[in-house]
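Thanks for making the time this morning.

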Amino acid sequence: MSGGTLIVGASQAGVQVAVSLREGGDTGPITMIGAETHPPYQRPPLSKAFLAGTADLASLAFRTPAFYADRDITVLSGERVEQLRLRPGSAITDRGRSLPFDRLALTVGARARRLAVPGADLDGVCYLRDLDDAVSLRERLASVGNVVVVGGGFIGLEAAAVARSLGKTVTVIEVADRLMARVVSPVVSECYRQAHLRRGTGIRLGVGVAGFAAEEGLVRAVELSDGTRLPADLVLAGVGIEPRTELAAQLGLDCDGGIVVDEFARTSEPGVVAAGDCTVSPDPATGRRRVRLESVQHAIGQAKVAAASLLGRPESYRAVPWFWSDQYDLKLQIAGLGAGHDDHVVRGDPSSERFSVLYYRDGALVAVDAVNNAADYLAVRKALAQGVSIAPERALDTAVPLKTLVSRSG
Amino acid sequence: MPKVVYVSPDGERHVVDAVAGESAMATAVRHGVPGIVGECGGNASCATCHVYVRDDLLARLGEPGDLEEDLLDLAVTERRTGSRLSCQIELTEELDGLTVDIPPVQP
């Protein structure tokens with residue numbers, strides 16, 4: 001009897017692999033297994049609407065239970081795969097169950113990186129990666145006054161904005177000299193620093209966390225590397241993620257800061273694909289240098305390609321990467337990868353909280369950061385998808401809509 | 001419970017009982033209506049939930065907001081009369097029977 005396909009990780013990418021296999025005509029058994037007790041759900045709202053209390057648990061589910069049943073997709077929740085073997089393929093779970101498979105998809109995602117300072121294990125020092133984290137954080141937020149966020153990236157800043165909007169005293173600590181340094185340029189970082197300050201959120205840059213002080217086991221203060229002590233009833237650490245590569249390593253798959261896959265989402269082992277946050281793969285915009293992309297779009301796009309590979313119809317993954325972040329009433333939309341840019345153009349006045357930054361490399365447009373400016377974001381995304389550029393000197397003129405500089409065909 | 005009818009390009013009708021307050025996109029995705037992707041989760045960032053709303057209830061939806069307008073202008077494959085992003089359509093009892101056509105291709 002055929003073991004079918006086993007999808008490890010009931011994630012955005014995992015669900016997409018299952019759905020795409022069925023859409024692609026696969027009639028074999030499909031089993032998706034996830035360690036979390038919840039059926040597969042969306043993560044982006046966890047640091048936004050869900051944390052703010054404007055989205056409920058039910059609204060997070062990707063699909064109804066009937067959806068999976070109708071398509072004969074078996075979803076095992078609350079069960080963790082601990083061991084994997086190939087030839088023949090089998091997975092052993094923490095419940096001692098053995099699951100046979102012919103083909104394997106690893107969509108195992110990532111875990112929140114933990115702080116390694118004295119007191120990091122205190123009650124009240126929290127992380128935000130999965131639904132249980134978000135439920136706990138939301139409950140705690142209701143009863144605290146002082147919130148310290150460690151890490152000025154998307155997750156930290158989104159959560160800080162929610163906490164501030166709930167009336168909390170909030171301070172963000174970032175060890176780099178600017179916010180979101182990994183993804184945006186200094187002008188955007190500065191706009192966000194100002195925006196947070198304007199709304200009453202404290203921002204401390206260039207300073208690390210030395211440790212936490214407690215009373216009766218509960219965190220009460222954050223001690224900074226410069227000797228400052230900040231009162232805190234709740235600490236949220238958003239200091240990045242670590243791809244889950246343990247199972248891949250068991251199989252001897254190539255890993256390099258993530259599970260290495262090619263443009264077809266294939267790992268170094270035939271019949272094993274991987275997709276989503278757990279992977280590193282060729283830049284989907286250029287096909288060249290290897291990148292790890294943490295986004296819904298990437299999880300979905302790569303998962304579709306992974307399914308196609310499993311079906312024996314490999315198709316190369318090409319896409320303009322895009323990302324977004326909601327903080328207060330600021331919507332940041334990013335298209336393309338700006339890393340390595342050598343020129344940029346700022347359209348509009350950053351202090352107005354509506355502007356965009358276009359990035360160029362070797363004279364060619366490579367990315368945009370748009371703040372409350374979907375029109376610029378979309379125009380650049382379209383230009384990048386078409387492989388055309390927008391001349392920097394023309395982009396400077398905010399009186400000219402960018403879209404008029406992009407051909408409407410294609 | 002408002003009913004929504006999603007019509008595939010081949011004419012197949014998907015009739016779904018929606019929850020009032022949810023979007024037409026979320027309802028379609030959760031029930032697996034093919035051709036409505038909702039990649040950005042309703043964030044009005046991707047336009048992969050583009051639909052053509054049929055005449056009878058179109059007027060009740062009001063005009064698209066600025067963000068939706070930009071997406072319809074720049075991101076969808078073919079904009080026509082009735083083009084809307086289903087993530088921006090909040091379902092209510094008044095919209096019972098809403099019928100939308102799914103475009104052959106999403107961006």
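Predicted model: local features only at pLDDT ≥ 70, side-chain atom pairs only at ≥ 80, totals over all residues.

A:H298 is buried, with a relative accessible area of 1%, where buried means under 20% relative accessible area, exposed means over 50%, and partly exposed lies in between, with a 1.4 Å probe and protein chains only. Residues are numbered from 1 along each chain as its sequence is written, chains are lettered from A and ligands numbered from 1 in the order in which they are written, and side-chain values use heavy atoms, with hydrogens and water left out.

To return to the histidine, A:H298 lies in helix α8 of chain A, residues 296-310; helices (H or I, at least four residues) and strands (E, at least two) are DSSP runs, numbered from the N terminus. Which residues does A:H298 touch, not counting residues up to four places away in sequence? They are A:G276, A:T279, A:S281, A:L293, A:A303 and A:Y317, with contact taken as heavy atoms within 4.5 Å. A:P284 is 14 residues from A:H298 in sequence, and the two C-alpha atoms are 9.0 Å apart in space.

A:S281 stands opposite A:V291 in β21(A), and strand β20(A), residues 279-282, pairs with β21(A) in the antiparallel sense over two bridges; two strands count as paired if DSSP finds at least two bridges between them. The open sheet here has three strands in the order β18-β20-β21 of chain A, with mixed pairing. Its edges are β18(A), residues 259-260, and β21(A), residues 290-291, each with a single partner strand, so one side of each is left without a neighbour in the sheet.

A second open sheet of three strands in chain A runs in the order β4-β5-β6, and here the pairing is antiparallel. The edge strands, each pairing on one side only, are β4(A), residues 81-85, and β6(A), residues 98-101. Neighbouring strands of this sheet are turned by 20 degrees against each other on average, direction ignored, where the axes are lines fitted to C-alpha atoms, for helices over the stretch in contact, and angles run from 0 to 180 degrees between N-to-C directions. Four bridges join β4(A) to the antiparallel strand β5(A), residues 89-93, and A:V81 has A:T93 as its bridge partner in β5(A).

Next, strand β26(A), residues 364-371: seven of its eight residues are buried, so this strand is largely enclosed by the rest of the structure. Strand β26(A) pairs in the antiparallel sense with β23(A), residues 330-336, over five bridges, and with β25(A), residues 355-361, over seven bridges, again antiparallel.

For a helix, consider α5(A), residues 154-165, whose twelve residues should span 16 Å at 1.5 Å a residue, and whose end C-alpha atoms are 16 Å apart, which agrees; the expected span is 1.5 Å times one less than the number of residues. Its buried residues include A:L157, A:E158 and A:V162, and the helix is followed by A:G167, whose phi is positive, near 90 degrees.

Of the 410 residues of chain A, 54% count as buried.

Chain B comes to three helices and five strands, running β-β-α-β-α-α-β-β from the N terminus on. Its radius of gyration is 12 Å, close to the 13 Å from the globule rule for 107 residues, so chain B is likewise as compact as a globular protein of that length. Of the 107 residues of chain B, 55% count as buried.

Terms used:
Rg over C-alpha atoms; globule rule 2.2 N^0.38 Å.
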